[in-house]
Structure formats: C-alpha cells, structure tokens
Amino acid sequence: MSARKTPGPESSAQLPDQAPEKLPGEADLRMDAKTMKAFAHPLRMAMYSYLSDQGSATATQLAKHLEESTGQTSYHLRQLEKHGLVEEDPEKGTGRERWWKPSGFSLRAEVIQGDPSQTPMAQTVIQHQMQERLQTLRRWMTHIDEEPQHWIEASVDSTHTATMSTEEMRAMRDELMEVIARHTDAASERVKTSGPGNDDRRARVYLSVLPLPSPEA
C-alpha cells in the first residue's frame, strides 16, 4: 500500500529475505510497526483521508468536519506528524493557525511477513483504505450526472484481465507507476509555479496490479 503526494495505497509482495526495490513514484516513507500502530486509529485515519481529499486543512477544519474538538484533532495531528504521516503546508500557513497536508507512505508486504503479530493492525489499515476507495468510487458514480461533461470525459473506470508471467506483470506495474509519477509530478510543479487554475480539482488514481487465485484443480 502506498501513497504519494496524494495518498492512496499500494502493496507489493516480496519474499521475506529480499529487500524490496523502490517502485517508480513510491513514497519514501515505508511503514514499520510503530508507524502502522500510530496510523491505525479510527480518528487519525479519518483525518488523513480528509487531508488527502482536500489537500490540506487546519485542526479547526478537521474538527468541524469530523465533529470532534479542536483539542482532539490537534493532538492527533501532532502524533501523525511525529511519525512522518503529515507535515505543515508552508504555502498556506499564516502564523496564526497551522495548515497540515498528508505525507505519502507505503505499506509493504514484508513488514507483515516478518512479524505476523502486525497482521491485525495491517488489516485495520487496509480495510480502511479499501472502504475509502469504495466510498470515493461510489460517490463519483452516484453523482456523475451532476458533474461537468469535461470532467466526465477526462475520467475512466476500466478493468483488464490477462494471463501473464511474473516478469510481464512486474514490467507493467513499473511502467504504470512511472506514468502516474510523471503526470502527478508535472501537475504539482505547475500548481506550485503558477498556482491552481480556476477549474482545478483534486484528482485520485487507483492502481491495483495483482495475480488472481490459481484455477481450481
């Protein structure tokens, strides 16, 4: 599971004695047991999802959206910051109130393989991410008739299935990650240099590359 500047999960199965290669565009922060424990808290995961959707927010905005006290959201933001999961947004900070944005992370399979006791926490994180994905896609499809036509035409929801070797699937995965990294980096640089356009919106890419179960004998 991984998230870059606009978080979203990615997982890669590796043999326990192999050091996993860094995928193109993969986040630098790799969750370990401590980071996963800090993240696997219902309010913190909800806060992280909101920050991902909005780009950045203050503790007050998070408290209002999640119907919590500012004291609670401020405390949990500090805990997320401690583990590198959020950081201040220097482009929006005013000095009076701190703005926070999510930091990308990845959760690699070998973390769980190396310590089975981490499985429950990993499942909590994965289940939250899958539920967030389902809700996002359902919201888009449910309200698609209300969306501007040019945004509808720019979107896609597609599934492709083929018989592949490990090498073929790995090559496809890496190339897809490279394409995503190139476009998201270019868009981020454009916004940083020129500011957001009048029609800009937060956009999210879900990419899952995985083998299906072996055919039954």
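**Exercise 1. A residue in a loop**

Where is E67 found? Determine also how accessible E67 is.

Solution. The model is a predicted one, in which local features need pLDDT of at least 70, side-chain atom pairs count only at pLDDT 80 or more, and totals for chains, interfaces and linings use all residues. Residues are numbered from 1 along each chain as its sequence is written, and side-chain values use heavy atoms, with hydrogens and water left out.

Step 1. E67 belongs to the loop between helix 3 and helix 4 (70-82). Helices (H or I, at least four residues) and strands (E, at least two) are DSSP runs, numbered from the N terminus.

Step 2. The relative accessible area of E67 is 73%, so the residue is exposed. The classes are buried (under 20% relative accessible area), exposed (over 50%) and partly exposed (in between), with a 1.4 Å probe and protein chains only.

Step 3. The backbone of E67 has phi near 55 degrees, a positive value in a residue other than glycine.

Step 4. For contrast, consider A59, which is placed in helix 3. A59 has 8% relative accessibility and therefore counts as buried.

**Exercise 2. Aromatic rings**

State how many aromatic pairs the structure holds, and classify the pair F39 and Y48.

Solution. Step 1. The structure holds three aromatic pairs. Rings of Phe, Tyr and Trp (its six-membered ring) pair if their centres lie within 6.5 Å; planes under 30 degrees apart count as stacked, over 60 as edge-to-face and the rest as tilted.

Step 1. The ring centres of F39 and Y48 are 5.2 Å apart and the planes stand at 90 degrees, so this pair is edge-to-face.

Step 2. Both partners are then placed by accessibility: F39 is buried at 0% relative accessible area, and Y48 is buried at 3%.

Step 3. One aromatic cluster is formed by F39, Y48 and F105.

Step 4. A ring may also meet a charge: the charged end of R201 sits over the ring of W151, 5.1 Å from the ring centre. The criterion is that NZ of Lys or CZ of Arg is within 6 Å of the ring centre and within 35 degrees of the ring normal.

**Exercise 3. Salt bridges**

How many salt bridges does the structure hold? Examine three of them and the accessibility of their partners.

Solution. Step 1. Side chains of opposite charge can pair when their charged atoms come close. A salt bridge is a side-chain nitrogen of Lys or Arg within 4 Å of a carboxyl oxygen of Asp or Glu. The structure holds ten salt bridges.

Step 1. D28 and K22 are joined by a salt bridge of 3.5 Å, N to O. D28 is exposed at 69% relative accessible area, whereas K22 is partly exposed at 48%.

Step 2. In the salt bridge of R30 with E26, the closest N and O atoms are 3.6 Å apart. E26 counts as buried at 3% relative accessibility, while R30 counts as partly exposed at 29%. R30 lies in the segment before helix 1 (33-39). The C-alpha atoms of R30 and G84 are separated by 10.0 Å, although the residues are 54 apart along the chain.

Step 3. D200 and R190 form a salt bridge whose closest N and O atoms are 2.6 Å apart. This pair links distant parts of the chain, with D200 in the segment after helix 8 (166-194) and R190 in helix 8, ten residues apart. D200 is partly exposed at 34%, and R190 is partly exposed at 37%.

**Exercise 4. A pocket**

Which element gives the most to the lining of the second largest pocket?

Solution. Step 1. The second largest pocket is lined by 13 residues, and S49, D53, H128, E132 and Q135 lie nearest its centre.

Step 1. Helix 2 (42-54), helix 3 (59-66) and helix 6 (119-142) are the elements that give two or more residues to this lining. Helix 6 gives the most, with seven residues.

Step 2. On a 1 Å grid over the protein atoms alone, a pocket is an open set of points where a 1.4 Å probe fits, with protein on both sides within 12 Å along at least five of seven lines; lining residues have an atom within 4 Å of a point.
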